[in-house]
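I am opening this notebook to keep track of what I look up, one entry at a time.

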Amino acid sequence: MTRSATTVLSRSVRIREFGGPEVLRIEEVAIPAPGPAQVRLRIRAIGLNRTEATFRAGRSAVLPSLPSQIGFEAVGEIEALGPDVDGFAPGEPVGLIPAYSAGEYGLYGEVALAPARSLVRLPADTAWETAAATWVAFATAWGGMIDLAGLSSGQVVLIPAASSSVGLAAIQVARRVGAVPVALTRTGTKAAALRDAGAELVIASQEQNVVAEVQRLTGGKGAELIFDPVAGPGFGALVEATASGGTLIVYGALGGAVANVPVMPLLGRGLTLRGFGLTTMTRSDKNLAALKHFVEDGLAAGALRPTIAKTFRFDEIVEAHRYLEAGEQIGKIVVTV
């Protein structure tokens with residue numbers, strides 16, 4: 001069993017300034033032997049997330065020192081094990097459940113270090129692209145809706161940005177526990193795809209009255225849960241669409257850092273407003289184990305299936321980020337290495 005290895009060179013992405021996709025640069029980087037509780041991976045595919053776009057643009061809550069590595073989600077083969085890493089072997093195909101920041105490990109690369117605690121084994125017949133589209137999406141959906149909010153059978157959950165990888169995962173996770181997913185999207189162009197993904201109802205926010213449509217579906221009650229990555233000026237409508245005693249989970253700020261939150265409905269209907277961060281949830285070993293069990297069972301049963309919007313080559317990382325920021329995709333953007 002390989003416990004250590006010499007430093008190797010890797011073509012990896014670095015950012016030397018914050019900005020648009022063009023600041024992503026592929027450079028030759030020395031990757032050291034894995035340290036305690038680490039492995040070194042031969043990266044085969046990368047899943048793109050809004051987290052990396054926010055990090056690249058300099059909008060993260062904590063900014064790194066520059067130049068910085070980047071990468072939140074990847075899959076590959078174990079090349080070498082660090083000290084005290086047991087239960088894995090070189091050559092094993094693995095994915096990662098992030099319990100680290102977007103700049104802590106350089107997963108945008110041919111080779112990268114990764115924490116052994118975050119590893120998850122991949123079934124032998126899983127395509128790299130499929131695996132790269134799986135764990136962040138379903139982990140975020142499970143963590144926010146099930147672990148934090150306690151979504152249960154029969155409850156209605158409203159899912160803004162439903163055509164994103166997390167939005168599609170949220171639809172499937174809701175169905176898995178018997179809840180009723182309502183997809184929210186800007187226009188009706190993605191409605192058929194969202195219904196095919198399992199949405200009970202699709203609401204086009206630029207064409208329909210969100211509150212009225214939710215009230216119509218629920219007989220005037222409202223949605224027990226809102227699972228929102230947008231916030232921004234339209235957040236007030238989501239508050240109005242929430243059932244008395246319901247919960248609003250915010251896990252992103254696609255609509256801007258300031259949300260329009262009407263206070264009186266929060267007070268008058270006893271609503272709960274919570275923020276959710278994936279890496280905060282995955283700090284818990286108990287949560288990490290429960291998450292792995294839920295997703296692995298769902299994948300094995302065919303109830304959870306990631307959707308890939310488009311695949312790019314590693315040398316096209318700038319183009320892949322431009323496509324991500326255009327926001328027109330349905331599902332996950334994957335980069336093959």
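Entry on a helix. I began with α4 and found that 10 of its 12 residues are buried, so the helix is largely enclosed by the rest of the structure. I keep in mind that I am reading a predicted model. The buried residues I listed for α4 are Ser165, Val166, Gly167, Leu168, Ala169, Ala170, Ile171, Gln172, Val173 and Ala174. I then checked the length of α4, which covers residues 165-176 and reaches 16 Å from its first C-alpha to its last, close to the 16 Å expected at 1.5 Å a residue. After α4 I noted Gly178, whose phi is positive, near 85°.

Entry on a lysine. Is Lys332 buried or exposed? I found a relative accessibility of 1% for Lys332, which counts as buried because the cut-off for buried is under 20%. Lys332 sits in strand β16, residues 332-336. I looked up its contacts beyond four places in sequence, and among them are Ser165, Gly47, Asn49, Glu73 and Thr307. A polar atom of the Lys332 side chain lies 3.4 Å from the backbone oxygen of Leu48.

Entry on salt bridges. How many salt bridges does a search of the whole structure find? I noted 16 of them. I looked at the one between the side chains of Arg11 and Glu110, at 3.6 Å from N to O. This pair links distant parts of the chain, with Arg11 in strand β1 and Glu110 in the loop between β6 and β7, 99 residues apart. Arg11 is partly exposed at 32% relative accessible area, and Glu110 is partly exposed at 22%. I also wrote down that Arg11, Glu110 and Asp315 are linked in a network of salt bridges.

I went on to Lys221 and Glu224, which form a salt bridge with the closest N and O atoms 2.7 Å apart. Here Lys221 counts as exposed at 52% relative accessibility, whereas Glu224 is buried at 16%. For Glu17 and Arg25, the closest N and O atoms of the salt bridge are 3.9 Å apart; Glu17 is partly exposed at 42%, and Arg25 is partly exposed at 37%.

Entry on the surface. Which residues form a nonpolar patch on the surface? I found Val263, Met264 and Leu267, with about 340 Å² of accessible area together. Leu267 belongs to helix α8, residues 263-268, and is exposed, with a relative accessible area of 60%.

Notes
Residues are numbered from 1 along each chain as its sequence is written. This is a predicted model: local features need pLDDT of at least 70, side-chain atom pairs count only at pLDDT 80 or more; totals for chains, interfaces and linings use all residues. Side-chain values use heavy atoms; hydrogens and water are left out. Patches are made of residues with over 30% relative accessible area and no salt bridge: like charges are joined within 9 Å, nonpolar side chains (Val, Leu, Ile, Met, Phe, Trp, Tyr) within 5 Å. Accessible areas come from the Shrake-Rupley method with a 1.4 Å probe; for residues, only the protein chains shown count as cover. A salt bridge is a side-chain nitrogen of Lys or Arg within 4 Å of a carboxyl oxygen of Asp or Glu. Helices (H or I, at least four residues) and strands (E, at least two) are DSSP runs, numbered from the N terminus. Buried means under 20% relative accessible area, exposed over 50%, partly exposed in between (1.4 Å probe, protein chains only). A polar contact is a pair of N or O atoms within 3.5 Å; within protein, one must be able to donate a hydrogen and the other to accept it, and residues adjacent in sequence count only if both atoms are side-chain atoms. Contact means heavy atoms within 4.5 Å. The expected span of a helix is 1.5 Å times one less than its number of residues.
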